Amino acid sequence: MTTRTRFAPSPTGYLHVGGARTALFCWLQARKEHGVYMLRIEDTDLERSTPESVQAILDGMDWLGLDYDEGPIYQTDRFDRYAEVTQQLLDEGKAYHCYCSKERLDAMREEQMAAGIKPRYDGRCRERTEPVPGVEPVVRFRNPLIGQVAWVDRVRGRISISNEELDDLVIARPDGSPTYNFTVVVDDWDMDISLVIRGDDHINNTPRQINIYEALGATPPEFAHVPMILGEDGARLSKRHGAVSVLQYRDMGYLPEALLNYLVRLGWSHGDQEVFSVEEMIELFSIDEVNRKAAAFDFDKLNWLNQHWMKTLPPEQVAAHLPSHFESQGLDPAQGPSLPDLVRVQAERVETLEEMAAQSRPFYEEFADYDAGAAKKHLRPVAEEPLRAIRAALEAVDDWTPEVLDRAVRDTAEALELGMGKIAQPLRVALMGTGMSPSIDLTLWLVGRQRTLVRIDRALEFIAARAAARG
RNA sequence: GUCCCCAUCGUCUAGAGGCCUAGGACCCUAGCCUUUCACGCUAGUAACGGGGGUUCGAAUCCCCCUGGGGACGCCA
């Protein structure tokens, strides 16, 4: 039997990182077993589902590269099918109409809670034969009263619960619209899903669903409940922890390769290996090896992985993500070095693409002022001679490459009998406005000849002006 | 409250009775490298929640406690 998995988000918000990890696990398991991975949009909650959310989910999946073989299938397109199955259950006496008012149900729930017992529907309409005039009923599933429901979860192992803990759940509202626990079963059954991978907040729904499968005469799929992702403080991940939507990670400058690598290691491991390419994940991942413990999100580690992948992936591939970050920084990539060259130099110096764009500003446009501390320390009269010398040397360079530039700086330092620092630091401040930048040869290379000469002149003028001001 | 689930360094994890004086990674600290900042390299700090069992032997198996999470909707 071929493995068939599905990711089934409800479009009531963005694609959450927790959801993204679930999607990743579904995708990996299907890819590894040469099975089918499908996307299903669970939009039965007409009130809260939005087209924007659907788009956000699709965009998120796309950015991560989690391509699906079937779908997206929308549950709202399948209402006829749900109605059909509901009717079948009704006809077979496996479901019944319930006329109880919400008020009665709410009051009952409160009483039960107060009495210290688990709130459950009391089954008042379970044996009712006559309709209540003027009341549109809901349809409830007739859950078995006795016995146990058990399954062997692919990540949790055996889980069992007594039917006495369960009650008759609503499968269709008064307007006929179906509810979650029912649609999932019908869909997974119709779509021949063999392995349901989902968050462990669904563990409690599973026994109810298994009972429905059985009433339908269907064989339940296998289940794998993966632990949730917690915020850095150990509390359930939510908006207040900063980024929850995968698209936010994209906008913050993370590579999809890095997020995927980070996410796959949350709850799963392969010995001591920390770095996984997507190909390796597919080869090595197994849902059966996933942890049972919830994991806290750690930005430090994500940052480390992001830098790792920025340094490791082909510069062209990394560079392809850069334009949107240049845009958010108000920079024009056309006004400076090629993006792949920039990546080659900057990848080891920053943790995100957004940071890379921000720190590359002087390569693409004029900087306003010198960093006060750096200027005070390095743009002094004593730097005048070295700057003039290096300017002359650089002007004569015809092959503007890191190797040649490095040679030029070294030769100049030697000729003046100065240490590298005495010439590189003033030059660095002249070129970048600050005392921090890539090694001087690479800095020169990226700044380019034109800007280099202009900026050295500017620094020389600055030194002269400051000396004059001092009198 | 009731039911279900979980429990190794601050964090992610290795560990499936002796290989554990508990390993790796991130973070942090120190040193090295060095023209700055980074990168890299080396070293270091740091954990089996508690109590009972089982066993010659327990981080690993069982029970209890404690702590955490989840569910209990005409949300998904």
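The legends below describe close-up views of a predicted model.

**View 1. Helix H3 and its buried face.** Helix H3 covers residues 79-91, which makes 13 residues. From its first C-alpha to its last, H3 reaches 18 Å, close to the 18 Å expected at 1.5 Å a residue. Its buried residues are Tyr82, Val85, Thr86, Leu89 and Leu90. Seen down the axis of H3, these residues fall within an arc of 145°, so they line one face of the helix. On the other side of H3, Asp80 and Asp91 are exposed. The cover over the buried residues of H3 includes strands S4 (95-98), S5 (138-141) and S8 (170-172). Helices H5 (180-190) and H6 (206-216) are also included in this cover. Just after H3 comes Gly93, with a positive phi of about 75°.

**View 2. Two loop residues with positive phi.** Most residues other than glycine have a negative phi. His34 is not a glycine, yet its phi is positive, at about 55°. The loop that holds His34 runs between helix H1 (17-32) and strand S2 (36-41). His34 is exposed, and its relative accessible area is 72%. Glu417, also a residue other than glycine, has a positive phi near 55°. Glu417 sits in the loop between helix H18 (402-415) and helix H19 (420-432). With 73% relative accessibility, Glu417 counts as exposed.

**View 3. The protein surface near RNA strand B.** RNA strand B is surrounded by 61 residues. The closest are Gly116, Arg156, Arg173, Gly267 and Arg349. Of the atoms of RNA strand B that come within 4 Å of the protein, 70% belong to sugar and phosphate. The residues of this surface divide into 21 nonpolar, 17 polar and 23 charged. At least two residues of the surface come from each of helix H4 (102-114), strand S7 (157-162), strand S12 (295-296), helix H10 (299-312) and H19.

View 4. In the side chain of Ser269, an N or O atom is 3.0 Å from a phosphate oxygen of RNA strand B. For Pro438, a backbone N or O atom lies 3.3 Å from a base oxygen of RNA strand B.

View 5. Phe363 is part of helix H15, residues 361-364. Its relative accessibility is 0%, and Phe363 therefore counts as buried. Phe363 and Leu431 are 68 residues apart along the chain, and their C-alpha atoms are separated by 9.0 Å. Not counting residues up to four places away in sequence, Phe363 touches residues that include Gln335, Gly336, Pro337, Leu342 and Gln346. Met432, Pro438, Thr443, Leu446, Val447 and Arg451 are also among the residues it touches.

View 6. Ser437 lies in the loop between H19 and helix H20 (440-447). The side chains of Ser437 and Thr443 make a polar contact of 2.9 Å. Leaving aside neighbours within four places in sequence, Ser437 is in contact with Arg349, Arg428, Met432 and Thr443. Of these, Arg349 is also one of the closest residues to RNA strand B.

How values were computed: Residues numbered from 1 in each chain as written. Chains lettered and ligands numbered in written order. Predicted model: local features only at pLDDT ≥ 70, side-chain atom pairs only at ≥ 80, totals over all residues. Heavy atoms only, no water. Helix = DSSP H or I, 4+ residues; strand = E, 2+ residues; numbered from the N terminus. Expected span 1.5 Å × (residues − 1). Buried < 20%, exposed > 50% of the residue type's maximum accessible area, 1.4 Å probe, protein only. Arc of directions from axis to C-beta. Contact = heavy atoms within 4.5 Å. Near = heavy atom within 4 Å. Polar contact = N/O pair within 3.5 Å; in protein donor to acceptor, adjacent residues only side chain to side chain. Nonpolar A, V, L, I, M, F, W, Y, C, P; charged D, E, K, R; others polar.
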